[in-house]
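Visitor: I'd like to learn how to read a helix and its surroundings in a model like this. Could you walk me through one?

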Amino acid sequence: MALDELKAALPDYAKDLKLNLGSVIGNADLPEQQLWGTVLACAIASRSERVLSELEPEARANLKPEAYEAAKAAAAIMAMNNVYYRTLHLLSDKEYSTMRAGLRMNVIGNPGVEKVDFELWSLAVSAINGCGQCLDSHEQVLRKAGVEREVIQAAVKIAAVVQAVGVTLEAEGRMN
């Protein structure tokens, strides 16, 4: 199992990550599509080849093809949006926020899966990429759709742990 492979690859000093990886993915209280879409989108966003290579096959096996593609699309569109909107948020000249973005984002309106799932995956990727404006936006959409805070928290915890595992394994690979 991919989780066991990742846990075994982590160094002893990252014992907490081993435990957290098992709990946030292995014991997650999310429907399969939400769980594995979040895992896949976060694995992509982590930019860790090892994390993606271990988790992608399991995500593919647990997702319908349209959900698999939508999770990849969430990672892709958020890679762009998180940079753009984080920049608008950080610039002191707020005039930029009034300007038309002119960037195509059609997949957000028609992701090919339930809107709630796509929003959850987008929120998780936004957590990894550190875009507060996108986090607020996706969280508000999810809450208006009736998604409980615990579900949102579960996605953020997956993002945090997947990112931490990726960072740790990449660092270990460069130090050894």
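This is a predicted model: local features need pLDDT of at least 70, side-chain atom pairs count only at pLDDT 80 or more; totals for chains, interfaces and linings use all residues.

Visitor: What span does H4 reach from its first C-alpha to its last?

Guide: H4 covers residues 49-62, 14 residues in all. The helix reaches 20 Å, close to the 20 Å expected.

Visitor: Which residues of H4 are buried, and what do they pack against?

Guide: Start with the general idea: an α-helix has 3.6 residues a turn, so residues three or four places apart point the same way. In H4 the buried residues are Val-51, Glu-54, Leu-55, Glu-56, Glu-58 and Ala-59. They pack against helices H1, H3, H5 and H9.

Visitor: Which residues have the most contacts inside the largest nonpolar core?

Guide: As a rule, in soluble globular proteins, nonpolar side chains tend to be buried together. Here the largest nonpolar core has 50 residues, and those with the most contacts inside it are Ile-25, Val-51, Leu-55, Phe-118, Trp-121 and Val-165. H9 gives this core its largest share, nine residues. Looking at Trp-121, and skipping neighbours within four places in sequence, its contacts include Gln-33, Gly-37, Ala-70 and Val-113.

Visitor: What about Ser-48, buried or exposed?

Guide: Ser-48 sits in the loop between H3 and H4. The residue counts as buried because its relative accessible area is 1%, and the cut-off is under 20%. Its side chain makes a polar contact of 3.1 Å with the side chain of Glu-170.

Technical notes: Residues are numbered from 1 along each chain as its sequence is written. Side-chain values use heavy atoms; hydrogens and water are left out. Helices (H or I, at least four residues) and strands (E, at least two) are DSSP runs, numbered from the N terminus. The expected span of a helix is 1.5 Å times one less than its number of residues. Buried means under 20% relative accessible area, exposed over 50%, partly exposed in between (1.4 Å probe, protein chains only). Contact means heavy atoms within 4.5 Å. A nonpolar core is a set of buried Ala, Val, Leu, Ile, Met, Phe, Trp, Tyr and Cys residues joined through side-chain atoms within 4.5 Å. A polar contact is a pair of N or O atoms within 3.5 Å; within protein, one must be able to donate a hydrogen and the other to accept it, and residues adjacent in sequence count only if both atoms are side-chain atoms.
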